[in-house]
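My entries follow the model shown here.

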Amino acid sequence: MRKPVPHCQANLQQRSIAPQQSLSSCKSFCGQQLSCHQLPARADRFTLHAVARQGGDNKREEANDGFQERVVQVRRVTKVVKGGKQLSFRAVVVVGDEQGQVGVGCASAKEVVQAVAKAVVGAKNELVRVPLTNSATFPHRIDGYFGAAKVMLRPASEGTGVIAGGAVRVVLELAGVKNAFGKQLGSPNPLNNARAALVGLSEMRTFKEVAAQRDMTIEEFMGRIKGSGSAASAVPEKDAERLSVMQ
């Protein structure tokens, strides 16, 4: 074996000592100087991480407004331009407070996080109020249509649960529906099915609203539904209270 040349050994020793000297100088520097613009690189990283954590906490506090967010779909999309293709991500998000308010948003961005944030803002701008009965379901059956998607919605008795799948289940759960049937009969597109369910829920009407439109009381209205227009055969008051909805 060759023996190392003396000047090479000196270079190796200097290289091994250099990090120790830099660390010791950093420690002494940090002990003497406290201004942020003169901190070494490692201290800068620590301060940046602290600022990022504080900013993240503030964002979470601002987003804590009672609404829950669920991502239904994230897919990669491309746009053909003159120079080639632009890659981006599209996110479909459902937002609701489980108390009768729900919305669907769709947005695209170059990052998944940005796409989800934009979709959440869009969903909150298009919230729909859903009438809920005392048994945590909607008042009547309805079919929702959007594009080629068709969604069948049927109320259910207490204890049934939400029997639905895909985007329809997410919309019903975030709207606060606890007992219902849902079925996707058209296109399997999650975005169109979520919007079809939203259209169906937005067209729901309560018994009180229909009775007010017909200038009738709730007892007279329920009596006509049972096949008699006379006030004598009207629904009892306790049944009318059971059929009333939570506003």
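The entries below take the sheets in turn.

**Basis.** I worked from a predicted model, in which local features need pLDDT of at least 70, side-chain atom pairs count only at pLDDT 80 or more, and totals for chains, interfaces and linings use all residues. Residues are numbered from 1 along each chain as its sequence is written, and side-chain values use heavy atoms, with hydrogens and water left out.

**Terms.** I took helices (H or I, at least four residues) and strands (E, at least two) as DSSP runs numbered from the N terminus. Two strands pair if DSSP finds at least two bridges between them. Contact means heavy atoms within 4.5 Å. Axes are lines fitted to C-alpha atoms, for helices over the stretch in contact, and angles run from 0 to 180 degrees between N-to-C directions.

**Entry 1.** I found an open sheet of 4 strands, ordered 1-2-3-4 with antiparallel pairing. Its edge strands are strand 1 (68–81) and strand 4 (128–129), each pairing on one side only. I traced 8 bridges between strand 2 (residues 84–96) and strand 3 (residues 101–109); V92 has C106 in strand 3 as its bridge partner. Helix 3 (residues 112–124) packs on this sheet, touching strand 1, strand 2 and strand 3, at about 145 degrees to strand 3.

**Entry 2.** I noted another open sheet of 4 strands, with order 6-7-9-8 and mixed pairing. Strand 6 (142–146) and strand 8 (162–163) each have a single partner strand, so one side of each lacks a neighbour in the sheet. Strand 6 runs antiparallel to strand 7 (residues 149–155), joined by 5 bridges.

**Entry 3.** I then followed helix 5 (residues 190–202), which lies across strand 1, strand 2, strand 3 and strand 4 at about 150 degrees to strand 3. Helix 5 also lies across strand 6, strand 7 and strand 9, at about 45 degrees to strand 7.
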